[in-house]
Amino acid sequence: MSYNYEARLSTERMVPLVFKMAMPAVAAQLVNLLYGIVDRIYIGHIPQIGTDALAGVGVTTSIILLISAFSAIVGGGGAPLAAIALGQNDRERAGRILGNGVLLLVAFTVVTSLTAYVFMEPLLLLTGASVHTLVYAVDYLSVYLMGTIFVELSTGLNTFINAQGRPAVAMYSVLIGAVLNIALDPLFIFAFGMGVKGAAVATVISQACSAVWVLRFLTSSRASLRIEWRYVRPERKVIVPIVALGVSPFIMASTESLVGFVLNTGLKRFGDIYVSTLTVLQSAMQFGSVPMTGFAQGFVPIVSYNYGHGDVDRVKSCFRVAVTVMFTFNLVLMLFMIFFPHVVASAFTDDVVLIGSVGVMMPLFLSGMTIFGLQRTCQNMFVALGQAKISIFIALLRKVILLVPLALVLPRWFGVKGVFAAEAVADATAAICCTLIFVWKFPKILIKVRR
């Protein structure tokens with residue numbers, strides 16, 4: 001078995017290495033985002049029911065994000081720890097981390113899917129579904145939940161492929177599902193006349209194919225870190241560190257769901273048009289956040305591996321490249337959306353009223369995101385360095401400590417605009433705080449490595 005792919009994490013020139021690792025993940029995340037967006041574009045253009053159907057699918061997003069967030073415990077917590085172990089040449093521990101990760105993902109599937117099925121309608125009403133949109137939300141979610149196991153395995157284990165220095169393989173796993181979903185959407189929605197249910201069926205089939213690809217690679221001789229069934233047994237001393245570090249990525253993902261509950265509930269009393277507006281705005285925001293997630297999947301294994309290897313200079317070098325790229329990309333994209341909101345809105349709907357609402361709210365909603373590249377870089381650096389406690393605090397800061405209270409308070413003074421302004425204030429404040437914490441803690445973490 002060759003370990004050449006891992007070895008390059010500590011030997012290749014940093015700028016080419018970061019892009020070589022990150023760009024496949026960015027491409028995969030973009031296509032992954034595209035097939036989620038394509039669902040909404042097709043649904044938004046269904047004759048007669050498009051706007052209500054879009055709002056219905058939009059309110060399922062909170063529940064779907066919460067379910068998929070559990071995979072981040074394994075992917076975001078286990079994979080960096082496995083990369084650190086590989087950097088220390090402790091291959092047995094890396095294998096145990098992967099094996100226990102598989103068990104956790106299966107357990108998360110059982111708990112989340114059963115809970116969502118049992119409490120589906122109350123949860124959807126809580127997230128902002130109305131009498132007009134509930135039927136579409138139920139149609140979509142009831143089918144989507146059938147593929148929960150595929151979502152958990154494909155997203156939770158894919159980062160372990162990156163940890164081996166194999167970003168191209170990880171990219172293919174996402175591309176397979178994304179391209180297939182894009183192709184199947186019009187077939188099931190329009191050709192088979194299944195509407196919203198058809199979109200969900202296409203998604204489940206696509207996710208199943210992605211999961212098969214990931215499992216096939218991680219059980220093959222091509223993987224330098226494989227799923228070995230002797231390690232697929234619960235070990236407390238392995239599971240606890242995975243969960244401890246993975247709580248931060250979980251909070252990052254799951255609080256998006258919490259925010260969906262809060263924002264959709266707040267907007268519901270102003271009318272379904274604003275729930276549809278939020279669906280479009282959150283989709284637009286994903287065009288910035290999802291590529292940064294992909295870029296982080298590329299640079300985090302490099303940082304973790306070299307941190308485990310004790311190479312401080314390469315850790316610093318990787319950070320400089322990452323923060324420059326992520327901040328610049330995010331700033332440029334957010335400014336484009338702020339100045340041309342109608343262009344973005346027109347991709348999702350032909351409804352003139354909805355386009356006008358998005359045009360008013362998008363500059364307000366995204367203004368705080370202009371500097372958010374700083375938080376995404378610094379927060380992922382903490383995860384890569386195994387700093388669980390700091391990562392958890394930063395993850396809680398943006399959505400729980402800041403956004404939820406703001407979303408409840410600001411509408412009392414500013415009406416519906418207060419709901420959208422809450423996102424901007426929380427994003428900007430969290431980015432500044434995270435950056436200051438990183439400037440303070442990063443040198444201290446590296447001093448410990450030198451010792």
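**Close-ups of a predicted model**

Searching the whole structure turns up six salt bridges. Keep in mind that this is a predicted model.

**View 1. R96 pairs up with E235.** The closest N and O atoms of this salt bridge sit 2.9 Å apart. R96 belongs to helix α4, while E235 is in the loop between α9 (195-218) and α10 (236-268), so the pair ties together parts that are 139 residues apart in sequence. R96 counts as buried, with 16% relative accessibility, and E235 counts as buried too, at 9%.

**View 2. R398 forms salt bridges with E423 and with D427.** For E423 and R398, the closest N and O atoms are 3.2 Å apart. That pair links helix α17 (residues 416-450) to helix α16 (residues 388-414), across 25 residues. For D427 and R398, the gap is 2.7 Å. D427 lies in α17 and R398 in α16, so this pair ties together parts 29 residues apart in sequence. D427 is buried, with a relative accessible area of 0%, and R398 is buried at 9%.

View 3. Skipping its neighbours within four places in sequence, M381 touches F299, V303, V315, F319, F438 and F442.

**View 4. The largest pocket has a volume of about 160 Å³.** Of its 10 lining residues, L66, I67, T112, T115 and L123 are the closest to the centre. Helices α3 (50-87) and α4 (91-118) each give two or more residues to the lining. The lining has eight nonpolar residues, two polar and no charged ones.

Key. Residues numbered from 1 in each chain as written. Predicted model: local features only at pLDDT ≥ 70, side-chain atom pairs only at ≥ 80, totals over all residues. Heavy atoms only, no water. 1 Å grid on protein atoms, 1.4 Å probe; cavity = no way out; pocket = protein on both sides within 12 Å on 5 of 7 lines; lining within 4 Å. Points joined across faces, edges and corners; volume = space filled by probe spheres on them. Helix = DSSP H or I, 4+ residues; strand = E, 2+ residues; numbered from the N terminus. Nonpolar A, V, L, I, M, F, W, Y, C, P; charged D, E, K, R; others polar. Contact = heavy atoms within 4.5 Å. Salt bridge = Lys/Arg side-chain N within 4 Å of Asp/Glu carboxyl O. Buried < 20%, exposed > 50% of the residue type's maximum accessible area, 1.4 Å probe, protein only.
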